[in-house]
Amino acid sequence: MQTHQEQAAGWIERNHTLMAWAVRSQDRKATYIGSLQREQTGLKCDCVCPSCGGRLQAINAGKPIPTVPVGKTIRPHFRHDAGQQYESCLIKMSQIVALQLLLQEKAIYLPP
Ligand SMILES: [Zn+2]
């Protein structure tokens with residue numbers, strides 16, 4: 001039986017998942033690639049990976065997010081400036097985004 005971590009890693013591998021969120025250096029907030037402007041492309045996005053701590057480049061910031069899969073080089077995403085993106089980078093970022101969205105939306109039900 002696979003662990004949750006192994007299942008998540010397998011899903012990422014099968015879907016060739018690109019990093020759509022990153023952590024902004026200045027305030028440590030999760031930031032969606034679609035919220036950036038064109039002039040924030042590359043290292044100007046001032047974002048880091050919350051898992052490995054690496055600086056991230058915003059690729060194609062400010063361009064429309066396609067609703068159907070297109071080539072990896074076209075779809076806006078974050079890319080590690082040096083080194084590579086590990087599965088742990090995507091998993092950690094997903095955990096932070098999920099928590100941030102739940103706290104913002106207050107959409108989680110906790111029994112008394
Ligand atoms: Zn990373």
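What share of the contacts in the protein with a separation of 6 or more comes from residues 24 or more positions apart? The answer is 56%. Keep that number in mind as we walk through the fold, which is a predicted model.

Let's start with the overall plan. The secondary structure comes to 2 helices and 5 strands. Of the protein's 112 residues, 18% count as buried.

Now find the strands. The 5 of them form an open sheet, and if you step across it you pass β2, β1, β3, β4 and β5 in that order, with antiparallel pairing. At the edges sit β2 (30-32) and β5 (77-80), each of which pairs on one side only. Neighbouring strands of the sheet are turned by 55° against each other on average, direction ignored.

Let's cross part of this sheet strand by strand. Strand β1 (residues 21-24) is joined to β3 (residues 42-48) by 2 bridges, and the two run antiparallel. Here V23 stands opposite V48 in β3. The next step takes us from β3 to β4 (residues 55-59), again antiparallel, through 3 bridges. V48 has a partner on this side too: its bridge partner in β4 is R55. C47 is paired with L56 of β4. Between β3 and β4 lie 6 residues, and together the two strands form a hairpin. Look in its turn for G53, which has a positive phi of about 80°. One more step leads from β4 to β5, which pair in the antiparallel sense over 4 bridges. In this last pairing, Q57 has R79 of β5 as its bridge partner.

What about the side chains? In a regular strand they alternate between the two faces of the sheet.

Leaving aside its neighbours within four places in sequence, L56 is in contact with A22, C45, C47, V48, C49, F78, R79, H80 and D81.

That brings us to α2 itself. This helix lies across β1 and β2, running at about 75° to β1. α2 has 19 residues and reaches 27 Å from its first C-alpha to its last, close to the 27 Å expected at 1.5 Å a residue. Which residues of α2 are buried? They are C89, L90 and M93. Seen down the axis of α2, its buried residues fall within an arc of 85°, so they line one face of the helix. Just after the helix comes K106, which takes a positive phi of about 55°.

Note on methods
Residues numbered from 1 in each chain as written. Predicted model: local features only at pLDDT ≥ 70, side-chain atom pairs only at ≥ 80, totals over all residues. Pairing = 2+ DSSP bridges. Contact = placed C-beta atoms within 7 Å. Expected span 1.5 Å × (residues − 1). Buried ≥ 20, exposed ≤ 12 C-beta atoms within 10 Å, placed from the backbone. Arc of directions from axis to C-beta. Axes fitted to C-alpha atoms, helices over the stretch in contact; angles between N-to-C directions.
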